[in-house]
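Please walk me through this structure, from its charged pairs to its overall build.

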Amino acid sequence: MTYTIVPCFLGEVRRFVAGHHRHADPVVGWLFGCAIERDGVRVGVGVAGRPTARGLQDGYTVELTRVCVLEDNRNACSMLYGTLCRAAKALGYRKAVT
């Protein structure tokens, strides 16, 4: 069992969330995202977006707005959160909130 982080687009995330999340609220505030695959099959997605709290909208804060992972994929959520945080830091964001 090997996990791989791969890039993804907003449309792919929306389709995955609509098909697998218990409450498929729309993905809003999209900045960037990534997906995780297990042995070549997509098992989860993660989204980073603009903070919903007005006080955090300083241009240097990113909010991790959605992580959706299929059951029985141990540590996949943590891998997505870590990847999104490292990507945000590489892009110049100074703070990540959930």
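A salt bridge here is a side-chain nitrogen of Lys or Arg within 4 Å of a carboxyl oxygen of Asp or Glu. By that criterion, the side chains of Glu-37 and Arg-42 form a salt bridge, at 3.8 Å from N to O. The model is a predicted one, and side-chain atom pairs count only at pLDDT 80 or more.

The structure holds two salt bridges. In the other pair, Arg-42 meets Glu-12, and the closest N and O atoms are 3.9 Å apart. Arg-42 belongs to strand β3 (residues 41-49) and Glu-12 to helix α1 (residues 10-20), so this pair ties together parts that are 30 residues apart in sequence. Side chains of opposite charge can pair when their charged atoms come close.

Through shared partners, the salt bridges join Glu-12, Glu-37 and Arg-42 into one network.

Charge can also be viewed over the whole chain. There are 13 positive and 8 negative side chains. The centres of these two sets lie 7 Å apart.

Next comes the fold around these residues. The secondary structure consists of two helices and five strands. Along the sequence, these elements follow the pattern β-α-β-β-β-α-β. The radius of gyration of the chain is 13 Å, close to the 13 Å that the globule rule gives for 98 residues, so the chain is as compact as a globular protein of that length. Along the principal axes, the C-alpha atoms fill a box of roughly 40 × 25 × 20 Å.

Contacts and surface complete the description. Among contacts in the chain with a separation of 6 or more, 60% are accounted for by residues 24 or more positions apart. Of the 98 residues, 38% count as buried, where buried means under 20% relative accessible area. The accessible surface of the chain comes to about 6,100 Å². Carbon and sulfur atoms make up 51% of that surface.

How values were computed: Residues are numbered from 1 along each chain as its sequence is written. This is a predicted model: local features need pLDDT of at least 70, side-chain atom pairs count only at pLDDT 80 or more; totals for chains, interfaces and linings use all residues. Side-chain values use heavy atoms; hydrogens and water are left out. Helices (H or I, at least four residues) and strands (E, at least two) are DSSP runs, numbered from the N terminus. The radius of gyration is taken over C-alpha atoms; the globule rule is 2.2 Å times the number of residues to the power 0.38. Buried means under 20% relative accessible area, exposed over 50%, partly exposed in between (1.4 Å probe, protein chains only). Contact means heavy atoms within 4.5 Å. Accessible areas come from the Shrake-Rupley method with a 1.4 Å probe; for residues, only the protein chains shown count as cover. Lys and Arg count as positive and Asp and Glu as negative; His and the chain ends are not counted. The place of a charge is taken as NZ of Lys, CZ of Arg, CG of Asp or CD of Glu.
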